[in-house]
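Keep the sequence and the 3D view open while you read.

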Amino acid sequence: MKSRVRELREKRGWSQGELAELLDVSRQTVNAIETEKYDPSLPLAFRIARLFGQRIETIFEDQE
Amino acid sequence: MRPVQQRYLREFWPAIAAYVIVLFGSIWLLRHFGDSLGVTSRSALALLPMVPIAMVARAIVRVIRDSDELERRIDLEAAAIAGLVVGLGFFSLGLLASGKVIELDGSAVAIWVFPALCGTYGIAKAWASRRFRE
């Protein structure tokens, strides 16, 4: 799944560690989502969307 | 380090240290006084290391329960691989022993199952984590 998490995080000047803390996940998880090696669950995707004030489909794009 | 992991280390290290002390204490007492003890006392003394091991198990269960979804997925993969590798490894040893190719000491085999599981789990976890790294 294509992800804009890195772009949105960098726009806010947050480190991966800071974003991980805000989402209550590990830095490894944030990194895996940003590098598109891991697709977050729906609840986590909603938390990410809420944090960035955007809709899920503007952050994550299904590539199938 | 996340608070979950900090709590895990706070719980894990004292428990594993207690395990080592209790294990050596239990072995020493059994060697020196085991013959003069009844079955109940000997059993209690032999099983004494299970108390700190239960504390280690509690720390592990708590950290897995409070891990995030990716960490849990990695843990699940690692536990499944470790279970299969160790289970099939000991099963193969059993087959070799029943075919009289090797001789096995039952108590040694039983004692090594848990450490083998922990060691294999650690290796499998490192391997499973690699897929999600940069």
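How are α2(A) and α3(A) arranged relative to each other: roughly parallel, roughly antiparallel, roughly perpendicular or oblique? They are roughly perpendicular to each other, where angles of 65 to 115 degrees count as roughly perpendicular, under 35 as roughly parallel, over 145 as roughly antiparallel and the rest as oblique.

This is a predicted model, in which local features need pLDDT of at least 70 and side-chain atom pairs count only at pLDDT 80 or more, while totals for chains, interfaces and linings use all residues. Residues are numbered from 1 along each chain as its sequence is written, and chains are lettered from A and ligands numbered from 1 in the order in which they are written.

Helices here are DSSP runs (H or I, at least four residues), as are strands (E, at least two), numbered from the N terminus.

|---|---|
| α2(A) | A:Gln16, A:Gly17, A:Leu19, A:Ala20 |
| α3(A) | A:Arg27, A:Thr29, A:Val30, A:Asn31 |

Helix α3 (residues 27-34) also turns up where the chains touch. Eleven residues of chain A are in contact with eight residues of chain B, and helix α3 of chain A gives the most to the side of chain A that touches chain B, with four residues.

Finally, look at A:Glu61, which lies in strand β2 (residues 60-61) of chain A. A:Glu61 counts as exposed because it has 11 C-beta neighbours inside 10 Å; the cut-offs are 12 or fewer for exposed, 20 or more for buried, and partly exposed in between. Beyond its neighbours within four places in sequence, A:Glu61 is in contact with A:Met1 and A:Lys2.

How values were computed. Two residues are in contact if their C-beta atoms, placed from the backbone, lie within 7 Å.
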